[in-house]
Amino acid sequence: MNDPNATDDLRADLAALKKVSDRDLPDLKQVMNEISRRRAVEAAPIMGWRRRIMAAVQTMKARPALAALAAAVALIAVGMVVPVSYDRVTGHDVSISLAGAGFTPDQIAPTAKEMKARLGGESVQVEAAEDNGAARFVFHTTLPERSRAEAARKAGAFVKALAEKGIAASLAVAPHKEHVTSPAVAYAWNQIIQISVDGKSASALESEIKQRLAEAGVPDAQVSVKDGATGGREISVNVQRQNFGGAPAGQQPEPELVLTKNGAPITGGSTVKIRKMKDQTGATSLVVETSDHGKTATATIPSSETMSDAQLQTAIETQLREAGLNVRVEVVGGQIKVRPVD
Amino acid sequence: MDARVNEDRWERLLRLLGPIHEQASGTARRLSRSADEGDDLYQESVLRAYERLHDLRDESKFRSWFFATLLSIHRSRRRRRATVSLEEAWPKGGEPAGEDGSAWAEALERADRAARALDGLAPVQREAVVLHEIEGFSVEEVAAMQGVTISAVKSRLVRGRDKLRTFYERVLKSARIPGLRRETEPARELAPGGEIR
């Protein structure tokens, strides 16, 4: 015992431990025999697998962080094989209507060829219709562009070229959706919209958010991006959906919008998510989810349709403040605004 | 060809292990909570050493290399093993030949108490205390075996000794008779009527 401060009892006990534990030590030959026996047991395939599984379970028990990581990996692995069905925007349908004296049936084939060449669609179908006694031809094609703006730009250039030839044309562009069944991970990937804010003006960002949401199956989002007078930016995305008795089966959930700066998701700031849920009796429940600098709170207001703006404002503000968020709520004509109080 | 290579490897390991076998197998027991657990730890260490013998370049460092292997397995076992009873920690058969019966009984009780005290230490502290205080390795040797700096070993020793002192202060203070007592017997006192309460 090297510790000069050790008590006599401790010294004696450690010496006894050495003496007792050294008794009947197996010699090297016995050790080797035991190891041979163990190796023979481990060599048996079933026992080997059993041992490995048990060892893995023991390791998981001993290391909760590792277990959590393994669970996450397992979840992703499950996500990669479990299929889900959903609608995915795979391109855009372009319809160009040609009518009037400037367009004659013998121009159909060359126009279709030119449209295919300029727009790059796989095929062009022509639909003939009669409009108040006048012939009208609608040229349909599908472009692979997932960006609505890009599809519209290409088709618009073609319409302009037709106009230069004296052919009047009108243009319609709509998302082309496919119902696909693919692994959950791929679905989740499609549903996360990442937009970089680097170097973009408020209006450029606004149109990009709108366009990307449309591509993800939300064409009617009202998007507003405003630069604040004292710095910062206010981004508002308004999507209205009405569901009765919960979301119908197969409906696509909302995509998640992730804004990034310098390649990293922007954290902090404030976000507000407002849901109005109407049940079959017509009663509306209002759910306001607010997050401010990492702190989140939810206010749930049942029968909100029976409340005045002032009552609604007080109810939401009270619940959010009780949950620890210092916010100011404004309700005007049923429109709700939630702002953090500095 | 493979069998010949394996045989050569076993022979080389046995040659290297022979001189340190007693000390290493005894240390394995003292790091563990029972003789059986210690023997198992030692066997696993020998097997691991066999599998990784090709990593050993300098045979003069075999002792330090083997103990490092043993400590590594000890720590991983500590992480995954639940506490076991110390009731049958050490062979409780009759005293060895030439040993006084009561002296052996006292040694068993003292060994149990030391094992309990060591059990309250973190695995790395227990290793440092066992290797330095019982096995007599220098701090430098322990540092090489644990794969840490000398100051880290000193720090582990200081903390380990503090915990041991605290354990002994508590045990001896609560003992009815100063000195040796069985940990498993709670202190009892007689009530005025003679009943045990």
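**From values to terms**

Author: In chain A, 54% of the contacts with a separation of 6 or more are accounted for by residues 24 or more positions apart. The model is a predicted one.

Reader: What makes two residues count as being in contact?

Author: Their C-beta atoms must lie within 7 Å. L70(B) meets this condition with A24(B), A28(B), L41(B) and S45(B), leaving aside residues up to four places away in sequence.

Reader: What makes residues of α3(B) buried?

Author: A residue is called buried if 20 or more other C-beta atoms lie within 10 Å of its own. In α3(B), residues that are buried include G38(B), L41(B), Y42(B), S45(B) and A49(B). In chain A, buried residues make up 19% of the 342 residues.

Reader: How do you know that the span of helix α3 of chain B is close to the expected one?

Author: The expected span is 1.5 Å times one less than the number of residues. Helix α3 of chain B, residues 35–51, has 17 residues, for which 24 Å is expected, and its first and last C-alpha atoms are 24 Å apart; the span is therefore close to expectation.

Reader: Why is a set of residues called a nonpolar core?

Author: The name applies because its members are buried residues of listed nonpolar types, joined through C-beta atoms within 7 Å. The largest nonpolar core has 41 residues, and L17(A), L70(B), A111(B), A114(B), L118(B), A128(B) and V142(B) touch the most other members. Among the elements that give two or more residues to this core are α1 of chain A and α5 of chain B. With seven residues, α5(B) gives the most. Apart from this core lies another, of 17 residues, including L143(A) and V173(A).

Reader: Which residues make the contact between α5(A) and α6(A)?

Author: M115(A), R118(A) and L119(A) in α5(A) meet K154(A), A155(A) and F158(A) in α6(A). Arg and Lys count as charged, whereas Met, Leu, Ala and Phe count as nonpolar, so the contact divides into four nonpolar, no polar and two charged residues. The axes of these helices come within 10 Å and cross at roughly 145°, and the crossing is right-handed.

Reader: How many residues does each chain bring to the contact between the chains?

Author: Chain A brings 29 residues and chain B brings 36. On the side of chain A, α1(A) gives the most, with 11 residues. The residues of that side divide into 13 nonpolar, five polar and 11 charged.

How values were computed. Residues are numbered from 1 along each chain as its sequence is written. Chains are lettered from A and ligands numbered from 1 in the order in which they are written. This is a predicted model: local features need pLDDT of at least 70, side-chain atom pairs count only at pLDDT 80 or more; totals for chains, interfaces and linings use all residues. Helices (H or I, at least four residues) and strands (E, at least two) are DSSP runs, numbered from the N terminus. A residue is buried if 20 or more other C-beta atoms lie within 10 Å of its own, exposed if 12 or fewer, and partly exposed in between; C-beta atoms are placed from the backbone. Axes are lines fitted to C-alpha atoms, for helices over the stretch in contact, and angles run from 0 to 180 degrees between N-to-C directions. A crossing is left-handed if the near helix is turned anticlockwise from the far one by less than a right angle, and right-handed if clockwise.
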